[in-house]
Amino acid sequence: MPVLFLLTVVVYPLFYAIALSLQYYRIGGFAGLHNFAFAFQDALLGDSLRATAIYVGLAMSVECLLGLVLAVAVQRTVKSVLGRTLAYLLFIVPMVTPPVAAGVIFRLMLIPDYGIVNVLLRDVGYRGQPILWMSSPAMAMLSVVTVDVWQWMPFVFLVLYAGLQAVPLDVVEAAEVDGAGAWARFRHIELPYLKPLLLLVLVFRFTDTLRVFDHVQVLTMGGPGASTEFLSLYLYSIAFKFSNLNYASAIALYVVIVISIVFALTSRYLTEEIA
Amino acid sequence: MTNEVHAARPAAPASPAQPSVVRRVRTRRRRNAVRGLVLAALGALAIAYLFPFVWMISTSLKPTSELYTQPPTFFPVQPTLDAYQAALIGAGNWVLLRNSVIVCLSAVALTLALALLIAYPLTRLRVAPRFRRGLLSWLLSLRFLPSMVVVIPIFATVRTVGLYDRLIALILIYAAFSLPFAVWMLKGFLQEVPQEIEDAAFVDGAGRWRAFFRILLPMVSPGVLAAGVITFALAWSEFLYALILTATPRSQTFSIGVWSFVTEFEIIWNQMAALGVVSALVPICLLLFSRRYVISALTFGAVRDQS
């Protein structure tokens with residue numbers, strides 16, 4: 001049956017990964033937990049984890065906050081159907097742009113000498129060296145986070161906006177008559193409705209930013225140095241540049257464990273919300 | 001509109017109307033100011049979102065000589081399709097384009113067939129509710145599995161069975177990883193068709209297969225179409241598996257073509273932009289067509305959106 005197909009494509013590799021992770025690199029043979037233990041001494045892994053944490057934290061919080069503010073703002077100010085459709089169309093486009101293409105777009109805009117961003121900066125009065133967007137650690141991080149926000153803030157917006165449509169109008173109007181201010185309406189009426197969706201969005205964005213790969217590979221390839229070498233890119237370089245599949249599998253299994261815990265903690269709420 | 005109606009209501013019976021009118025006017029003025037501010041911010045955001053595309057398209061239409069003019073021209077002075085021709089035909093990327101189309105179409109067909117085979121029994125046959133819930137939430141959990149984690153053993157497996165650098169490997173994998181959302185989405189659509197309709201067909205003597213193909217499938221065809229479109233777009237955008245499981249133009253997909261252009265030592269910007277345009281245009285056009293399902297698909301049907 002088709003479920004069997006899924007099992008072979010997904011579950012079999014998982015066991016294969018466990019088998020791989022228990023062997024020594026190159027020489028083969030049973031290694032016990034050697035690869036798992038080695039992860040704790042791996043300074044590069046630590047750097048990568050730190051970079052990933054910064055990336056996940058920044059991208060996720062900016063996306064969720066901005067998306068939430070935007071959803072409420074649009075809900076309250078844009079009342080015409082045309083305006084709402086336009087907003088919808090506008091925000092659906094970046095989401096469906098392939099990450100690789102998004103990387104290309106930002107590469108084009110951020111070329112130091114004649115990229116449009118630096119040119120515009122000069123026009124508004126920035127005088128100084130042209131900013132090398134990809135060549136300093138902080139700037140590279142900023143660039144890749146910007147791309148993520150640009151692409152996925154709309155996702156948060158659209159989900160929460162759809163959630164806001166479910167808030168019954170009469171409740172909102174009653175609150176208005178009772179003199180509830182804008183903040184009170186948000187805090188006591190809309191937020192409770194949005195809570196399950198916020199959780200959903202957080203889980204989706206957390207897992208997605210954790211595995212970010214595509215546009216970073218296009219923009220910085222992990223550089224400069226290892227400042228944007230996020231977990232996926234680090235795994236990639238271990239597994240496919242140094243072809244140490246064993247150690248890579250061990251790290252990968254750690255990731256599976258973390259994701260499983262997150263999923264186990266939230267799955268009840270998620271499936272309830274979805275089903 | 002409704003705001004003002006309600007704002008007026010409490011003031012109506014008041015006899016010392018003067019201060020409340022003043023306050024009302026003041027709040028309305030402030031509300032308008034806020035509204036203007038929000039609209040201005042939205043406008044700025046719209047520009048921030050559309051401009052990158054405009055810039056990419058504009059760059060792709062520039063002749064090479066115009067790329068480095070200072071200050072850069074906003075719109076190409078002499079628009080030309082040279083970059084497209086050079087990037088697609090000159091650099092041989094049309095082969096990758098063809099590969100991508102083959103992979104995506106096959107993955108769509110496979111995904112839809114398998115997803116219907118899973119979703120139909122789940123919604124129509126008698127299945128233990130625990131099994132049903134378990135299967136669905138397992139499928140959901142696959143959505144969160146980082147592909148980088150799975151790709152390592154898959155790479156090892158694919159190499160040992162001799163599918164490395166073959167299109168078929170990508171097709172199977174894309175189908176497998178589109179399945180979870182496709183099942184969830186089709187499940188939602190199938191549930192909306194009342195059981196009675198199918199029962200009526202059974203009464204009229206139709207078998208299960210006949211009832212499925214003649215009655216049920218046409219009714220859920222919008223859902224099937226949307227799932228297909230989204231599978232296509234996902235497979236089209238996919239990069240990681242394609243990067244790892246392919247090595248030569250025999251099986252590389254278009255994403256890889258775009259990427260390898262970016263990593264070259266001296267990047268030809270207008271050709272890179274041209275490839276970016278082609279790569280972005282395909283899913284954008286497809287998904288604008290079935291836009292009302294995008295959010296629902298990306299959230300596994302948690303959010304139903306009608307726009």
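Everything in the views below comes from a predicted model.

**View 1. S243(A), a loop residue with a positive phi.** Phi of S243(A) sits near 40°, a positive value in a residue that isn't glycine. You'll find S243(A) in the loop between α11 (231-241) and α12 of chain A. With 12 other C-beta atoms within 10 Å, S243(A) is exposed.

**View 2. D165(B), another non-glycine with a positive phi.** Here phi is about 65°. D165(B) belongs to the loop between α6 (147-160) and α7 of chain B. Its count is 17 other C-beta atoms within 10 Å, so D165(B) is partly exposed.

**View 3. Helices α4 and α7 of chain B, packed together.** Helix α4 (residues 93-124) of chain B meets α7(B) at an angle of about 40°, and their axes are 6 Å apart. That makes α4(B) and α7(B) oblique to each other, because an angle under 35 degrees would be needed to call them roughly parallel. Their crossing is right-handed. Look at what lines the contact of α4(B) with α7(B) and you get 22 nonpolar residues, six polar and one charged.

**View 4. The largest nonpolar core.** This core has 164 residues. Those with the most contacts inside it are V104(A), V159(A), L160(A) and L235(A) from chain A, plus A115(B) and L186(B) from chain B. Helix α7 (residues 167-192) of chain B supplies the largest share, 17 residues. Zoom in on L160(A): leaving aside neighbours within four places in sequence, L160(A) is in contact with G67(A), L68(A), A71(A), L194(A), L197(A) and V201(A). As background, nonpolar side chains tend to be buried together in soluble globular proteins.

**View 5. Helix α11 of chain B, largely enclosed.** Seven of the nine residues of α11(B) (residues 254-262) are buried, so the rest of the structure largely encloses this helix. The buried ones are F254(B), S255(B), I256(B), G257(B), V258(B), W259(B) and F261(B). What covers them? The cover includes α5 (99-109) and α10 (214-219) of chain A. From chain B, it includes α4, α9 (208-237), α10 (240-245) and α12 (269-289).

**View 6. S143(A), a buried serine.** S143(A) sits in helix α7 (residues 137-164) of chain A. It has 23 other C-beta atoms within 10 Å, so S143(A) is buried. Setting aside neighbours within four places in sequence, S143(A) is in contact with F106(A), L110(A), W133(A), M134(A) and L219(A). Take L110(A) from that list: S143(A) and L110(A) are 33 residues apart in sequence, and their C-alpha atoms are 8.7 Å apart in space.

**View 7. Where chains A and B touch.** The contact draws 67 residues from chain A and 72 residues from chain B. On the side of chain A that touches chain B, helix α12 (residues 245-274) of chain A gives the most, with 13 residues. That side of chain A divides into 51 nonpolar residues, nine polar and seven charged.

**View 8. Chain B on its own.** Chain B comes to 13 helices and zero strands. Of its 307 residues, 41% count as buried. Among the contacts in chain B with a separation of 6 or more, 72% are between residues 24 or more positions apart.

Conventions:
Residues are numbered from 1 along each chain as its sequence is written. Chains are lettered from A and ligands numbered from 1 in the order in which they are written. This is a predicted model: local features need pLDDT of at least 70, side-chain atom pairs count only at pLDDT 80 or more; totals for chains, interfaces and linings use all residues. Two residues are in contact if their C-beta atoms, placed from the backbone, lie within 7 Å. Helices (H or I, at least four residues) and strands (E, at least two) are DSSP runs, numbered from the N terminus. Ala, Val, Leu, Ile, Met, Phe, Trp, Tyr, Cys and Pro count as nonpolar, Asp, Glu, Lys and Arg as charged, and the others, Gly among them, as polar. A nonpolar core is a set of buried Ala, Val, Leu, Ile, Met, Phe, Trp, Tyr and Cys residues joined through C-beta atoms within 7 Å. A residue is buried if 20 or more other C-beta atoms lie within 10 Å of its own, exposed if 12 or fewer, and partly exposed in between; C-beta atoms are placed from the backbone. Axes are lines fitted to C-alpha atoms, for helices over the stretch in contact, and angles run from 0 to 180 degrees between N-to-C directions. Angles under 35 degrees count as roughly parallel, over 145 as roughly antiparallel, 65 to 115 as roughly perpendicular and the rest as oblique. A crossing is left-handed if the near helix is turned anticlockwise from the far one by less than a right angle, and right-handed if clockwise.
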